[in-house]
Amino acid sequence: ARPRSRSLVATRRGGTASMAAVMSRRALACLFAAARPRGGAPFASPRDAPLRWLSSAAKDLPARDPRLFCVVGSGPAGMYAADRLLTHYGASARVDILDKSPVPFGLVRSGVAPDHASTKSVVNRFEGVLSDPRVCFFGNAALGRDVSVDDLTPRYHAVVLAYGATGDRTLDVPGEDTLRGAISARRFVGWFNGDPEAHGDDVETSKSRGAKNVSLHDEITACLTRHRDVSDDACTHDDPKKDAPTAVIFGLGNVALDCARVLLRDVNDLRETDICAAALQTLERSAVKKVALIGRRGVAQAAFSPKELRELLNLPDVDVRVYDDAVTDLDEADLEASRPRRRAREAIEKRKAKGNETNEMLQNGDALESIGVGRKNKNRKELSVRFLRSPSKLVARDDDATSLGSVILEMNELSGPPGKRRAVSTGATETIRNVALALRSVGYRSKPLEEHFTVKSHHEPDRFKQSVPFDAARGVVPNAFGRVTHAVAPAMGGGEWQVPGLYVVGWLKRGPRGIIGDNLIDAEETIGALVADDARGKLRK
């Protein structure tokens, strides 16, 4: 059962994540207006009333010296932070959780591949947190759109920022922002997980792409199915993959592997997962039979985990090609320093050996049926892993100047000592043609709070007031053990001071790295600092 929620909830109708209003913003405004401060007149604006007054759970709890906390973000970091607050403060804790999405759990819900159900099992623990009567969840409440930090801090003893990394690192190459079919892996993962933002009618579409009112779902569907007739019916080659379009994925991390696996996996297998039904329908019609993983450095520097890599390399009915995976003595030193990378390389070598055995068997025509491989097998797909390559340019199709058609890559070589190997262009290039989709998976990035502003504040008509410092170079909110800090101008003595009652956790605190479990350790540190500050009387009154 869903906890007490003031949100828009996502429902599946015909496979599309549509949203049904549970409580409109007008109703919220009425509740705010009806709320009265102690001995005072009704509040003139929703922003003048404490959000806590909207919690139906609060009336069931004793009001003895309560501690009011707000957690902004309901991903793993925010949920672990709420869990730690409940543990430390017991019955006196009241925790409001805000999230811009209509549904909770962030990337656990929208960022984990649907065929990895075990990874999503942590949701069971988080649902226990939300079902606690001390907790209230406010979905569809975006920081900047509906509320600002300046609205929250006076109403809570402490505010914990946990809205994570909402942006992506970019390739910074021509065509990345202008061609349809060039999108981030983060948005692609959200698409096949049924993220409402990926399937709604109000999805952000770049004006430079020349498309209006086109959702991400429509864009991906058009790209994956555009060449279907050519690849399925017009193929005259012995290898049916030769004429098929390619999906290119830039990056060699686990997110890139998830995207490749979903594109290459048999749709009958995907049907047994909790993949979004609308995405499944598109994948059933997909003409893409080739996926190319592009990495700027070598196999000794790749970031994927061995388990994820083995799962991808051993997909049934998928041929695997690996390019430029040779290692030097300096690369051997990198491998020696990292057991996961050694195991990943071993997985690649083992798969290459298996491929060589298959090729030898294919030389004997009688062996085709025995190994289940045929050159006319239309279901067979291909994965290529190409090391030492960087994107140089995304090129439009000859018949459509707004859609992606090919990708130009620069060939690289590595320089520098072990542990600091960097890619340097050799000047040579390589072109991948007939590209239907290009996904960039080169990392997430957090945004400064001011980038979230979309509406005006009644306090300051021009814009919300900037209340949260941001380190643009590191992509994090500056902090000391989770306490948000602000740099002091040299003229004022230099150094930094702690922003009262404001804390940070998760990727916004340490940068976009680590696994789900790392957020528990991170939350322990931040909430530990908060509890220590409370003992010294440093929280807001």
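Predicted model: local features only at pLDDT ≥ 70, side-chain atom pairs only at ≥ 80, totals over all residues.
Trainee: What makes H8 roughly parallel to H12?

Mentor: Helix H8 (residues 216-225) and helix H12 (residues 277-284) pack at an angle of about 15°. Angles under 35 degrees count as roughly parallel, so H8 is roughly parallel to H12. Their axes are 9 Å apart, and the crossing is right-handed.

Trainee: Which residues make the contact?

Mentor: H8 contributes His217, Thr221, Leu224 and Thr225, and H12 contributes Ala278, Ala279, Thr282 and Leu283. By class, four are nonpolar, four are polar and none is charged.

Trainee: Why is the pair of Arg265 and Asp115 called a salt bridge?

Mentor: Their side chains meet at 2.5 Å, N to O. The limit is 4 Å between a side-chain nitrogen of Lys or Arg and a carboxyl oxygen of Asp or Glu, so the pair qualifies. Arg265 lies in the loop between helix H10 and helix H11, and Asp115 in the loop between helix H3 and helix H4, so the pair ties together parts that are 150 residues apart in sequence.

Trainee: How do you know whether Asp115 is buried or exposed?

Mentor: Asp115 has a relative accessible area of 16%. Buried means under 20%, so Asp115 is buried.

Trainee: What makes Asp400 partly exposed?

Mentor: The relative accessible area of Asp400 is 21%.

Technical notes
Residues numbered from 1 in each chain as written. Heavy atoms only, no water. Axes fitted to C-alpha atoms, helices over the stretch in contact; angles between N-to-C directions. Helix = DSSP H or I, 4+ residues; strand = E, 2+ residues; numbered from the N terminus. Parallel < 35°, antiparallel > 145°, perpendicular 65-115°, else oblique. Left-handed = near helix turned anticlockwise from the far one by under 90°. Contact = heavy atoms within 4.5 Å. Nonpolar A, V, L, I, M, F, W, Y, C, P; charged D, E, K, R; others polar. Buried < 20%, exposed > 50% of the residue type's maximum accessible area, 1.4 Å probe, protein only.
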